[in-house]
Amino acid sequence: MGFLKSIFGKKEQPKRQLDHVSHLKVGDMISLDDSFALPPALRGQQLRVEAINTYEYQRSQRSEWVLKGHSSDSIFLSLDEDDESYLSFSIKINRAVVEQLFDLDEFSVIFEENDSAHLNTQAIEGDTLTQYGQWLGKQYHQHQFAQFGYFHRQDYRGMKPPQDSHGPTGEPFEAYLLLDDEEKSAVEVEVYESGDTDVMLTLYRPLSDIRDFWPGE
């Protein structure tokens, strides 16, 4: 038996098959379509999974893949599953960009419980238009108000996030979601217990926008 092993060598383990976003792990890579329907931050990009986070809600949880390419800016990818499955790409924007894109009085209504916010995108041009134009809808309406959840900087696919004697161990937050009229783009806001607020522009795209997958080491 030892003689046969020395002749034929050790059988090589098959490489991990990767053909769907739900199976991505840290270190895996994807390449995106080069269609002009995608904004420059996504168009034709090769992106690597740098981290996987988990959003925990009362009756559900959602994975978030943190992607990076040649730029130092992160792209956040989730799988949006309703009647069909879609890719949900998001970028974070700071207060200065929020002020360029939206009227702040309209934006503040998002957080008022008795009002249904309607948000109009302001006219933009130049570099701002190039960078953000394809992430934006013309008008948004509020779809979700103060949904409570916990954010975990860990991958908890297939398992329930841990709890301690005080309850879930993640960072508590409230989520606000506004969709454009065609429900192809969104503005998402997360307000954390610490007072930190994240504002994101989100684009919903077909699964076919991922052209190739490469398993990591």
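Contacts (heavy atoms within 4.5 Å) were computed for the protein chain, and among those between residues at least 6 apart in sequence, 53% join residues at least 24 apart. The structure is a predicted model, in which local features need pLDDT of at least 70 and side-chain atom pairs count only at pLDDT 80 or more, while totals for chains, interfaces and linings use all residues. Residues are numbered from 1 along each chain as its sequence is written, and side-chain values use heavy atoms, with hydrogens and water left out.

The secondary structure consists of 4 helices and 13 strands; these are DSSP runs numbered from the N terminus, helices being H or I of at least four residues and strands E of at least two. The C-alpha trace spans about 80 × 50 × 35 Å along its principal axes.

Of the 217 residues in the protein chain, 39% are buried, that is, under 20% relative accessible area with a 1.4 Å probe, protein chains only. In soluble globular proteins, nonpolar side chains tend to be buried together. A nonpolar core is defined here as a set of buried Ala, Val, Leu, Ile, Met, Phe, Trp, Tyr and Cys residues joined through side-chain atoms within 4.5 Å. The largest such core contains 41 residues, of which Phe-102, Val-187 and Leu-201 touch the most other members. Strand E5 (residues 85-93) gives the most to this core, contributing 4 residues. A second, separate core has 6 residues, including Tyr-55, Tyr-57, Phe-173 and Tyr-192.

When residues up to four places away in sequence are not counted, the residues touched by Phe-102 include Phe-107, Leu-119, Leu-136, Tyr-140, Val-187 and Leu-201. Asn-120, Thr-121 and Gln-122 are also among them.

Definitions and conventions
Buried < 20%, exposed > 50% of the residue type's maximum accessible area, 1.4 Å probe, protein only.
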